[in-house]
Amino acid sequence: MDMKSKGIKIAILSGKGGTGKTLVSVNLASVADKAVYIDCDVEEPNGHLFFEPEDVEYADVTVKMPEIDYSLCSGCRKCVDFCRFNALAFIGEKPMIFEDVCHPCGGCAFVCSEKAILEADRIIGEIQKGVSDTVTVYTGFLYTGEESGVPIIKKLLESRNDEDLLKIIDCPPGSNCVVMESIKDADYCVLVAEPTVFGVHNLNMVYELVQLFNKPYGVVLNKCLEGENPSEKFCSEHNIPILGRIPFDSELGRLNSNGAIVSRGSQEFKDLFSSLLQKVIEEVQHEPAVNP
Amino acid sequence: MKIAIPVDDKSLESNVCPSFGRAPYFLFYNMITKESYYLDNSAIASQGGAGIKAAQVIADHGVKVLLTPRCGENAEVVLSKSEVLIYKTIPGTVQQNIDALASEELVLLSDFHKGFHGHEK
């Protein structure tokens with residue numbers, strides 16, 4: 001398994017929060033011989049609460065924000081007219097920047113013929129790297145009030161010197177920009193789904209997304225009960241491979257809500273997640289190369 | 001004195017538009033000559049910053065007074081720095097609001113909402 005899983009990037013996603021992305025991600029990373037866990041849910045990262053990583057290193061994540069040197073500004077208005085985000089206004093013959101609307105694209109500095117717009121670093125969050133047993137844990141934190149976590153996710157997924165390790169990418173919930181950024185370079189997508197009608201709706205959101213991105217994918221059915229499972233029905237109707245089932249189990253719920261990594265504490269759950277990982281790796285092997 | 005009002009239709013009998021930045025049209029009206037013209041609001045389809053862009057249009061047209069039911073914080077910054085006074089509209093038509101301004105029945109808008117920034121509800 002170790003050799004075969006070399007360098008594979010597996011993204012774990014779901015259409016809403018609370019379906020079990022982090023449960024699946026944390027445990028898949030834990031049952032591998034050696035793995036990298038990357039928490040891209042930068043607005044509310046919680047994988048680190050399970051791993052409690054040690055030897056933590058911190059790194060700032062910055063974006064380039066425009067700053068106007070009014071002594072150089074000729075008031076030509078090119079920057080204001082250029083900004084498609086309407087982050088600049090022209091007041092009293094001079095431009096003014098609205099930082100909360102700015103998508104730091106660098107366009108205003110680019111079009112300024114007087115070189116009056118400088119780009120200054122602004123810290124929007126941080127990345128923490130630590131170690132938890134066999135898992136290297138990367139966590140992105142977007143600071144409160146900041147607009148977009150995309151720059152943090154980009155930095156989290158930058159290539160590093162751990163290229164040949166299995167990587168588990170714990171995605172943000174939903175199917176928006178931050179999720180797209182998180183799955184962009186993934187070799188395989190695991191969709192976690194709940195056994196409810198609402199769960200089917202959320203599963204469909206990420207199902208459409210992974211198809212759009214042309215990613216191979218499969219579903220993990222979480223919180224499985226006796227009786228009909230609407231998400232399972234959805235999978236069979238759409239020929240979606242089911243990778244595994246996690247029972248709606250009070251002991252699992254109790255351990256997980258206490259921050260325990262269930263596969264580290266119980267042989268039963270270790271087996272469950274080991275066979276899930278094995279299944280995912282087999283699925284990846286069967287897929288032709290997807291990243292051009 | 002030139003004033004501006006966000007409107008739902010190009011008519012003085014139209015209702016005032018409940019949104020400033022996302023109004024379909026702006027009415028520009030001269031209180032002395034009673035001349036008027038309408039402008040399509042180019043900010044209506046903006047991803048974000050619609051209020052800033054709309055306020056910019058108002059300021060660029062030399063408007064001294066804006067009548068609107070509500071206005072965001074960023075638009076307020078642009079308008080106040082451009083010395084545009086903002087009065088709160090009353091229920092009724094555009095014409096009724098112009099008359100109310102003339103007879104000094106309108107009050108200055110005092111509460112400005114936060115931007116929606118792509119989370120518009």
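Chain B brings 16 residues to its contact with chain A, and chain A brings 10 residues; two residues count as in contact if their C-beta atoms, placed from the backbone, lie within 7 Å. This is a predicted model, in which local features need pLDDT of at least 70, side-chain atom pairs count only at pLDDT 80 or more, and totals for chains, interfaces and linings use all residues. Residues are numbered from 1 along each chain as its sequence is written, while chains are lettered from A and ligands numbered from 1 in the order in which they are written.

**Chain B's side of the contact**
- Helices α1 (50–60) and α2 (73–81) of chain B each supply at least two residues of the side that touches chain A; helices (H or I, at least four residues) are DSSP runs, numbered from the N terminus.
- The most comes from α1(B), with 5 residues.
- This side of chain B divides into 5 nonpolar, 9 polar and 2 charged residues (Ala, Val, Leu, Ile, Met, Phe, Trp, Tyr, Cys and Pro count as nonpolar, Asp, Glu, Lys and Arg as charged, and the others, Gly among them, as polar).

**Two helices in chain A**
- Helix α7 (residues 197–212) of chain A packs against helix α8 (residues 230–237) of chain A at an angle of about 40°, with axes 8 Å apart; axes are lines fitted to C-alpha atoms over the stretch in contact, and angles run from 0 to 180 degrees between N-to-C directions.
- α7(A) and α8(A) are therefore oblique to each other (under 35 degrees is roughly parallel, over 145 roughly antiparallel, 65 to 115 roughly perpendicular and the rest oblique).
- From α7(A), A:Val197, A:Gly199, A:Val200 and A:Leu203 meet A:Pro230, A:Ser231 and A:Phe234 of α8(A).
- The residues of this helix contact are 5 nonpolar, 2 polar and no charged.
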